[in-house]
Amino acid sequence: MKIFKAAEYGILPGAECAEKLSALARQLAEEDGEKTLVFEKGDYFIDAERLPQEKFFITNTVGDREWKKGETPHLNRAGISLKGVEDLVVEGGGARNRAKK
């Protein structure tokens, strides 16, 4: 099993990490086999405006109206999109997502 430490990819508590988190998620999607993503304890800041937009269908991100097959999905952002990632364990270690004030 391969261990991915978020800190080694510049994803650190107290710092904005949207773009680095997205890049790491893409790398995880390319990695075969079992893997673990480890975060250090602390508050992480994710600026939604810096996240890539993706098309989402039936999820809890659309509010009251879910999209059905054949309808046009909407664009939205996910704090960490794990699209295409398999066999992943995430160890949060007390990590929290916090809004910047």
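Reply: A nonpolar core is a set of buried Ala, Val, Leu, Ile, Met, Phe, Trp, Tyr and Cys residues joined through side-chain atoms within 4.5 Å; buried means under 20% relative accessible area, with a 1.4 Å probe and protein chains only. The model is predicted, so local features need pLDDT of at least 70 and side-chain atom pairs pLDDT 80 or more, while totals for chains, interfaces and linings use all residues. Residues are numbered from 1 along each chain as its sequence is written, and side-chain values use heavy atoms, without hydrogens and water.

Me: What makes up the largest nonpolar core?

Reply: The largest core has 11 residues: Phe4, Ala6, Ile11, Cys17, Leu21, Leu24, Leu28, Leu37, Phe39, Tyr44 and Val85. Helix α1 (residues 18–30) gives the most, three residues; a helix is a DSSP run of H or I with at least four residues, and a strand one of E with at least two, numbered from the N terminus.

Me: Which residues line the largest pocket?

Reply: A pocket is an open set of points on a 1 Å grid over the protein atoms alone, with protein on both sides within 12 Å along at least five of seven lines; lining residues have an atom within 4 Å of a point. By that rule the lining is Cys17, Leu21, Leu37, Phe39, Tyr44, Ile46, Gly79, Ile80, Val90, Ala95, Arg96 and Asn97. Strand β7 (residues 95–97) provides the largest share, three residues.

Definitions and conventions:
Buried means under 20% relative accessible area, exposed over 50%, partly exposed in between (1.4 Å probe, protein chains only). On a 1 Å grid over the protein atoms alone, a cavity is a set of points where a 1.4 Å probe fits but cannot get out, and a pocket is an open set with protein on both sides within 12 Å along at least five of seven lines; lining residues have an atom within 4 Å of a point.
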